[in-house]
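Work through the exercises below with the model open beside you. Try each task before reading its solution.

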Amino acid sequence: MDSSVWITLALTLKVAGWATAINLVLGVAVGWLLARRRFIGREFVDAVLTLPLVLPPTVMGYYLLVVIGKRGWLGHWLQQTFGINLIFTWQGAVIAATIVAFPLVLKSARSAFETVDPQLENAARVLGLNEWAVFFRVTIPMAWPGILAGVLLVFARSLGEFGATLMVAGSIPGRTQTLSIAVYEAVQAGQDDTANFLVAVTSITCIAVLLAAGRLAPGQRAR
Amino acid sequence: MGFDVDIRKTVHSARRSFDLRVSFKTRARRTVIFGPSGAGKSLTLQAIAGLLRPDEGRIAFGDDILFDAAASIDVPARRRRFGYLFQDYALFPKLNVRQNIAFGLSPGLRNPSSHANDEAVDRWLRSFELLDVAAQRPSELSGGQMQRTALARALVHSPRALLLDEPFSALDLELRERMRAELDDLLQRIDIPVLMITHDPEDLEWFGDEALYLRQGVIAERPAPATRRVPTRLTGNHGDHNDACVDGPAASSMKPWPLAPTN
């Protein structure tokens, strides 16, 4: 095995790790909003944010190019203002993976927050805690198994993200080529050994993550 | 020190809307708001605790105004300094007994550690006979231990009054009898006003120095039974609901209560 496989693996873990970290924060925040705040268009927002789950990743990739590409409104502004270009970079791959995997943590976090007994939060309020303390000391600990299960699914999904990543970040070996794209390239080039190894690494990682997510899902705790 | 409440709140649910129009004053050591389920007892108690915002009106404790819609005053629940005993105790399931009791003593973003030594917590653990179960979680406790833990948690930071939400409704008959006597004994030891809501006439008998009858969202004026030692002062202004109010306990089984608790 040449060292490029390990570089690819490291890059994939980096992209998936960032996508997971961003989704943890976004998923908790938006999941809580959708679970606990009443506002007009709440279910519409939920539906729009769930779209990446059902749309083909290439369609998501196209939307992303329209927004953050060189001629996209956000991409153009970033280029002009900060000289930042996201297309064909690993940061672009992070954005693609983050958006495609976001519905997984959103769904888990929202249902986890919905099952937290509001009476426990009220008990904390009466005991003198402000809303931030209630959130971090009661709400988050109670919802944590569900949130964590969602976060692990996000990690697994980000590891395997292909379509949107390819469109946004391309397939530059050592820079933007992730595992799933490397598998595709290896098969195209007839490098069966490399493909077999990459497939095995991806499968084992994903199975481990899914096992962990299953154990942590609400109602399935082995205690 | 006593409660002075005059509030209105309309609550909408999927099928109906409910009008709460509660008005009363009490100076009694122990006040019981008595009424059938769905009468608005819990809403009233939540409004007093600051967990439910009335549409209009005023809530005061002694000279301290907690809520006044006209003056835009709404003291948040965390600053009202009431102890609140929830119907199902609402103990934090992932914290042990010691952490549950210490919960309100540290207002920061972190929960108390599982073996934190705090003098006040130790004192309540000892006096409520909870030292043996201090390291256990709520799911491992008996009903009586759960209630004592919840009470200790409410009392550890010296509230100025105690609010009790149907404290025995979740228990079977035998345990309910025993816990009533136990709570009565505990309340004798603490020198703060108590406001209890209940639908059980027995609670009214045991704890109602003063009784308020709540039905369909309004306090119904009702004369105290003749044998009652403590006069009942009601300021409810919805006397037309008098006939509809629920029967109180039989006067013959009335239990006399000392006016001042023995400390």
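**Exercise 1: Hairpins in chain B**

Phe67(B) has Asp74(B) of β6(B) as its bridge partner. The model is predicted: local features need pLDDT of at least 70, side-chain atom pairs count only at pLDDT 80 or more, and totals for chains, interfaces and linings use all residues. Residues are numbered from 1 along each chain as its sequence is written, while chains are lettered from A and ligands numbered from 1 in the order in which they are written.

Solution. Start with the elements: helices (H or I, at least four residues) and strands (E, at least two) are DSSP runs, numbered from the N terminus. Two strands pair if DSSP finds at least two bridges between them.

Now step back to β4 (residues 56–61) of chain B. It is antiparallel to β5 (residues 64–68), with four bridges. Phe61(B) pairs with Asp64(B) of β5(B). This hairpin has two residues between the strands, and Gly62(B) takes a positive phi near 60°.

**Exercise 2: An enclosed strand**

Task: decide which strands pair with β3(B), and in which sense.

Solution. First, β9 (residues 194–198) of chain B runs parallel to β3(B), joined by five bridges. Met196(B) is the β9(B) partner of Val32(B). Next, β10 (residues 210–215) of chain B also pairs with β3(B) in the parallel sense, over four bridges. There, Ala211(B) stands opposite Val32(B).

Then check burial. A residue is buried if 20 or more other C-beta atoms lie within 10 Å of its own, exposed if 12 or fewer, and partly exposed in between; C-beta atoms are placed from the backbone. Five of the five residues of β3 (residues 30–34) of chain B are buried, so the strand is largely enclosed by the rest of the structure.

Finish with side-chain directions. In a regular strand, side chains alternate between the two faces of the sheet. Arg30(B), Val32(B) and Phe34(B) point one way from β3(B), and Thr31(B) and Ile33(B) the other way.

**Exercise 3: A covered helix**

Task: how many residues of α1(B) are buried, and what follows the helix?

Solution. Helix α1 of chain B spans residues 41–49. Eight of its nine residues are buried. Among them are Lys41(B), Leu43(B) and Gln46(B). Just after the helix, Gly50(B) takes a positive phi of about 95°.

**Exercise 4: Chain A and its crossing**

Task: describe the secondary structure of chain A and the crossing of α1(A) with α7(A).

Solution. Chain A has ten helices and zero strands. Of its 223 residues, 42% are buried. The axes of α1 (residues 3–36) and α7 (residues 131–160) of chain A come within 9 Å and cross at roughly 145°. Axes are lines fitted to C-alpha atoms, for helices over the stretch in contact, and angles run from 0 to 180 degrees between N-to-C directions. The contact residues include Ala16(A) and Val154(A). Two residues are in contact if their C-beta atoms, placed from the backbone, lie within 7 Å.

**Exercise 5: The interface**

Task: how many residues of chain B are in contact with chain A?

Solution. 18 residues of chain B are in contact with 16 residues of chain A.
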